[in-house]
Amino acid sequence: TLGLDGEASDEAAPEAIAYDVEIAAADQAELGRRLRGLLERSSQLIALEDRPPFTAVGLRRRIDGDIERFQDVLRSEGYYRADVRGDVDREAKPPGVTLLIDPGPAFRLESFTVGYVGTDGEASAAPMPNRDDLGVEIGAVARAPGVVAAEKVALRFLANRGHPLAEVADRTIVVDHATETMRVHLDVDPGPEARFGAVSVAGLQGVQEDYVRVLVPWREGDLYDQRLVDHYRTRLLRTGLFSAVAIERADQLGPGGTLPMDTRFVEGKQRSVGFGVRYSTGEGPAVKVFWEHRNLFGRNEDLGVAVEVGAIEQSAEVRFVRPDFRLPEQDLFVDAVATRTNSTAFNELSLETSAGLERPLTERWRGSLATSLEWARLEDQDGSRTSTLAGVPAWLYYDGANDIYNPTKGTRLRLDATPYAGWFDKTVGFLVGEATGTAYVPFDDARRFVLAGRLRAGSIMGQPREDIPANKRFYAGGGDSIRGYKFQEVGPIDDDNDPLGGRSLFETSLELRTRVWGNLGVVSFVEGGNVFENSYPDFADPPRWAAGGGLRYFTPIGPVRLDLAFPLNRRDDIDDPFQFYIALGEAF
């Protein structure tokens, strides 16, 4: 070491005092997982454990600091009689620091009232929220975050009803140790009633200004409503045209009691190129390449081109979408798909075009209605035939899940129905209907353990199987159907063990998903189902069952999936002992 004069010194550097930390309570259950987590995150002893102090005084300073921080945390959680003590076991190697917590009783909320102050006329005319509006529960633990949240809700309540300039003028909080209760009163200045003023726009480059103005959900002079502002921001971001959107109101009223609205945009990239890869033992490799322009004519028109090349199927698709067609949030779409398929069930060369409308029906429901025209040359067990079909595809979709790519909670339901009419060796008409439901149930607050389930059923009515084109029949088996069985090979088969397809379908899946460490997860699953010749699942043939497991690596665009599945009641000389799958995204 160096001495004070800079010369070498034989005196040894002081040795750091390493220590272990324990947060304890006489009754460990009193702390609870959430409260213990708050204490651990506030602890400097834990945060700086890998940088121990060099003196006993430094260690004591850390202990005293944690005691003060713990008291603050406990009071904010409603424990106003909490006692925190810090002890050091100097005989232990390394010394053990114990923070002993006695939280005491949890104080309860006795009352929460709101009063208006300010100009008498304005204050008396402003709407008054009740406890239900504020989300306040009398008798609940008197947590400080709950009080702060209720204040924000009160201001939001007023902003949603024409008073965006409201503010909390004063707050009175009385903590009664005798009754172990808390009373809260807010004095709120509601401010004047305000109306939407002129909207200014800045930052646009490739997007036309009249398009973003068409999306504004209010008219100048309407009573101010913060919910409309939030809805406008959400709609703008959902277009995919902007990397940032800022909507700000003026701080004071303009002429006529209006608030000018300032909108500023940062446009994102409006073209993208991407690709996807998947592989399974039953279908072989497949590669998909796509290109998209999200602002073709300056009004969020979307043009997409996708080409997929696989061992069984090759396809090319062009899709054009015109958003907000005739009505807000109503999309017009035009689609054209060319497909070539070479499978054990059938060979296909087809061209399909469709056009229709899609729009939200409620917050969770969407619907679509379209028309389609399809030509296909098909080769199956009955020979080579040509079909020409006109259809009216319609669907309803409910999305109550919490995430698009990796749902961990909620439900989804999709209902499809398409009546077809046309020519297939003769005049034919039939109806294809299908329903798919999924559910996701978390087992813990962090949602590391999630049980996912899926049910799928379908029916074709109106024609016998041989008069339904092979590419319109139901098939099962494969990575997106019943894992463990080859693509399309669950269901009726001919004498050569080639799939015939059917007029009805039933599938079910149950999967346990576990996030084990960081971005790595594991799953275990069981799946089953079958395809039936009749137009309803009669279960004349028992379901084919499979089980397996897999790995997940979670990325920003969804999980990478590796699954290994084994058929449980496989057919001799038909089903392989196992199937392996690699793909992007969960199985459902």
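Leaving aside its neighbours within four places in sequence, which residues is Leu520 in contact with? Leu520 is in contact with Arg515, Arg552 and Phe554. Contact here means heavy atoms within 4.5 Å.

## About the model

This is a predicted model, in which local features need pLDDT of at least 70, side-chain atom pairs count only at pLDDT 80 or more, and totals for chains, interfaces and linings use all residues. Residues are numbered from 1 along each chain as its sequence is written, and side-chain values use heavy atoms, with hydrogens and water left out.

## Around Leu520

Leu520 sits in strand β23 (residues 520–532). Strands (E, at least two residues) and helices (H or I, at least four) are DSSP runs, numbered from the N terminus. Leu520 counts as partly exposed, because its relative accessibility is 34%. The scale runs from buried (under 20% relative accessible area) through partly exposed to exposed (over 50%), with a 1.4 Å probe and protein chains only.

Leu520 and Arg552 are 32 residues apart in sequence. In space, their C-alpha atoms are 5.8 Å apart. Arg515 lies over the face of Phe554, at 3.8 Å from the ring centre. For a charge to sit over a ring, NZ of Lys or CZ of Arg must be within 6 Å of the ring centre and within 35 degrees of the ring normal. Arg161 and Phe157 make another such pair, again at 3.8 Å from the ring centre.

## Helix α8

Helix α8 covers residues 226–238, which is 13 residues. From first C-alpha to last, α8 reaches 18 Å, close to the 18 Å expected. That expected span is 1.5 Å times one less than the number of residues. Just after α8, Gly240 takes a positive phi of about 80 degrees.

Which residues of α8 are buried? They are Gln226, Val229, Tyr232, Arg235 and Leu236. Their cover includes helices α6 (144–159) and α7 (209–214). It also includes strands β7 (195–202), β8 (242–249) and β9 (258–267).

## Aromatic pairs

The model has 11 aromatic pairs. Rings of Phe, Tyr and Trp (its six-membered ring) pair if their centres lie within 6.5 Å; planes under 30 degrees apart count as stacked, over 60 as edge-to-face and the rest as tilted. Phe196 and Trp218 are stacked, because their ring centres are 4.3 Å apart and their planes are at 10 degrees. This pair links distant parts of the chain, 22 residues apart: Phe196 is in strand β7, and Trp218 is in the loop between α7 and α8. Both Phe196 and Trp218 are buried.

The rings of Phe566 and Phe578 have their centres 6.5 Å apart and their planes at 55 degrees, so this pair is tilted. Phe566 is in strand β25 (residues 558–567), while Phe578 is in the loop between β25 and β26 (579–584), 12 residues apart. Phe566 is partly exposed, with a relative accessible area of 38%. Phe578 is partly exposed too, at 40%. Elsewhere, ring pairs link Phe196, Trp218, Tyr224 and Tyr232 into a cluster.

## Two buried polar residues

Glu77 is in the loop between α3 (56–76) and β2 (83–89). Its 5% relative accessibility is why Glu77 counts as buried. A polar contact of 2.8 Å joins its side chain to that of Arg143. A polar contact is a pair of N or O atoms within 3.5 Å; within protein, one must be able to donate a hydrogen and the other to accept it, and residues adjacent in sequence count only if both atoms are side-chain atoms. Not counting residues up to four places away in sequence, Glu77 touches several residues, including Arg34, Leu35 and Leu38.

Ser350 lies in strand β15 (residues 347–360). Ser350 counts as buried, because its relative accessibility is 8%. The side chains of Ser350 and Glu348 are joined by a polar contact of 2.8 Å. Leaving aside neighbours within four places in sequence, Ser350 is in contact with residues including Val337, Glu374 and Trp375.

## The largest nonpolar core

A nonpolar core is a set of buried Ala, Val, Leu, Ile, Met, Phe, Trp, Tyr and Cys residues joined through side-chain atoms within 4.5 Å. The largest one has 22 residues. Phe346, Phe430, Val432, Ile460, Phe474 and Ala476 touch the most other members. Strands β16 (365–380), β19 (410–424) and β20 (427–442) each give two or more residues to this core. The largest share, 3 residues, comes from β20.

Not counting residues up to four places away in sequence, Val432 touches Asp416, Ala417, Thr418, Tyr420, Ser459, Ile460 and Phe474.
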